[in-house]
Amino acid sequence: MTQEANAPQTRDQTIKQTGETKTLLGSLSAYLRARSLVMLLLGFSAGLPFYMIYQNLSLWLAEAGVEKGEIGLFAWTGFAFSFKFLWAPVVDRAPVPFLEKLVGRRRAWMAAAQIGIALTLVAMSMANPAGNLWVVAGIAVAMAFAAATQDIAIDAWRIEAATDEEQGVMAAMYQYGYRVAIMVAGAGALIVADNINWPAAYQFMALLMGIGFLTALFAPKVEVREYVPPPKASFTETMSKSVIGPFRDFFERYGVHALVILLFIALFRVPDFLMGYMTGPLYIDLGYDKTTIGAIRSGAGLLATMGGVFLGGIIVSRLSFKWSLLFGVLAQSLTNLIYSWLALSDATTGGLAFAVIVDNIAYGAAGTILIAYMSSLTNTAFTATQYALFSSFYALPGKFVGGFSGYMVEAAGFAWFFAITAIVGIPAAILVFFLKYSEEKFSIDRKQATAELEAAD
């Protein structure tokens, strides 16, 4: 085995190319593989806390009489997901006592995070929003931190459990599970809250976290080597390898083009994040009742998202990243114009269903494409840290500007606001054409790695 073959490899450099022609049947069969089904369950575990931290918590706070301004501040708990790259090196390098020896590092961190989410859900059920808002806020932050940590571990497992060609399918299955979880948390939790109370709803969701916990324990182990306690090292050496190393590696591989890649990732989702906060107020402003909104979002909307996720997986498997990414940018941006049309139309159930279905198809497809692209950029030596960096970049700008979306609606009105969110996608569409170098380098690295591996064998 050559020295080059022992060096840390990018995702494509770890795989020999078989030269088989991609077929539609082969693309479809990938969804039925064991690890794809595991990804479905892990996606469910990742999506379950989302509504409980944001949508459902805001409803509970409103019912408890909390001021709207204070409720709005809870949206910033989402920054735990944006800054998760700061502690991703810990997930990459630090062992989890006891669990790691039994199930490996990736699954151990998933299980530990899932325990944390379940405990915070139970803690939230015991809190009183009306009288202990600071306690509720603290629990919400802790829940977001545990959920973000789970995301880091799941992303690392996904990337290491599949080849680059399979990442589109794995991303699609992840989103399938995620969307089912949102339906369960969005509709199921509300039903429990309506018929019993909010504490029971949070306790029910804590119980459902057991699905992810069992999946983490029994999922295939992806680590190549058995667990070995890390050697003792100085603080400086640890920081260099665990924190600085992943970022230095990325910039060394892509040079100045790394900045273009990061800028593109940062702008890709801005149209969706910017408009997403205002769809609910639009529905209420038009006079739709909550039952109609919930039925369309959880029914037709969920099916549309799943269709979009599937479409995104097929697009990634059939097209180059350049054209896949361009499709994703244009789809999610242009479909925002449908909400401009909705804002100027009469409030009909058919109109709402049309807007939600088309938007969710575009959202699901774009999300799958972006996840697959970001996965392809990682180095297996720093999987968790580098992917956390990319996912943080794609979420941070959108969440920041999304906080100002209400002021934009007040100034311009709903119709113009959604038109502006469509225009915001233009810079990302332009940047797609500046990603050509990284894709060419990606292809060259693949060919070189294949030749080295074949020579070594």
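Contact here means heavy atoms within 4.5 Å. By that criterion, residues 24 or more positions apart supply 83% of the contacts in the protein chain with a separation of 6 or more. The model is predicted, and its secondary structure comes to 25 helices and zero strands. Of the 457 residues in the protein chain, 53% count as buried.

**Nonpolar cores**

- The largest nonpolar core has 105 residues. The residues with the most contacts inside this core are Leu57, Leu121, Met124, Trp157, Phe264 and Leu325.
- Another core, of 20 residues, lies apart from the largest one. Among its members are Leu352, Ala353, Phe414 and Phe417.
- As general background, nonpolar side chains tend to be buried together in soluble globular proteins.

**Helix H3 against helix H9**

- Two packed helices are described by the angle between their axes and the distance between the axes.
- Helix H3 spans residues 34-53 and helix H9 spans residues 105-125. Their axes come within 11 Å and cross at roughly 30°.
- Angles under 35 degrees count as roughly parallel, and H3 and H9 are therefore roughly parallel to each other. Their crossing is left-handed.
- On the H3 side, the meeting residues are Leu42, Ser45, Pro49 and Met52. On the H9 side, they are Met110, Gln114, Ile117 and Leu121.
- By class, this contact of H3 with H9 has six nonpolar, two polar and no charged residues.

**Helix H3 against helix H12**

- The axes of H3 and helix H12, which covers residues 198-218, come within 9 Å and cross at roughly 155°.
- Because angles over 145 degrees count as roughly antiparallel, H3 is roughly antiparallel to H12. The crossing of H3 and H12 is left-handed.
- H3 contributes Val38, Leu41, Leu42, Phe44, Ser45, Leu48, Pro49 and Met52 to this contact. These residues meet Ala201, Tyr202, Met205, Leu208, Met209, Ile211, Gly212, Thr215 and Ala216 in H12.
- The contact of H3 with H12 comprises 14 nonpolar, three polar and no charged residues.

**Helix H9 against helix H10**

- H9 and H10 pack at an angle of about 155°, and their axes are 8 Å apart.
- H9 and H10 are therefore roughly antiparallel to each other. H9 passes H10 in a left-handed crossing.
- The residues in the contact of H9 with H10 divide into 18 nonpolar, five polar and three charged.

**Alanine 118 in H9**

- Alanine 118 is located in helix H9. Its relative accessibility is 18%, and since buried means under 20% relative accessible area, alanine 118 counts as buried.
- Leaving out residues up to four places away in sequence, alanine 118 touches Ala206 and Met209.
- Alanine 118 and methionine 205 are 87 residues apart in sequence, and their C-alpha atoms are 7.8 Å apart in space.

**Aspartate 155 in H10**

- Aspartate 155 lies in helix H10, which covers residues 133-161.
- With a relative accessible area of 7%, aspartate 155 is buried.
- When residues up to four places away in sequence are not counted, aspartate 155 touches Lys84 and Tyr387.

- Proline 271 is placed in helix H15, residues 270-276. Its relative accessible area is 0%, and proline 271 is buried.
- Apart from neighbours within four places in sequence, proline 271 is in contact with Ser333, Asn336, Thr421, Val424 and Gly425.
- Proline 271 and threonine 421 are 150 residues apart in sequence and 5.0 Å apart in space, C-alpha to C-alpha.
- Thr421 is also one of the buried residues of H23.
- Helix H23 covers residues 414-423, and seven of its 10 residues are buried, so H23 is largely enclosed by the rest of the structure.

Technical notes. Residues numbered from 1 in each chain as written. Predicted model: local features only at pLDDT ≥ 70, side-chain atom pairs only at ≥ 80, totals over all residues. Heavy atoms only, no water. Core = buried A, V, L, I, M, F, W, Y, C linked by side-chain atoms within 4.5 Å. Buried < 20%, exposed > 50% of the residue type's maximum accessible area, 1.4 Å probe, protein only. Axes fitted to C-alpha atoms, helices over the stretch in contact; angles between N-to-C directions. Helix = DSSP H or I, 4+ residues; strand = E, 2+ residues; numbered from the N terminus. Parallel < 35°, antiparallel > 145°, perpendicular 65-115°, else oblique. Left-handed = near helix turned anticlockwise from the far one by under 90°. Nonpolar A, V, L, I, M, F, W, Y, C, P; charged D, E, K, R; others polar.
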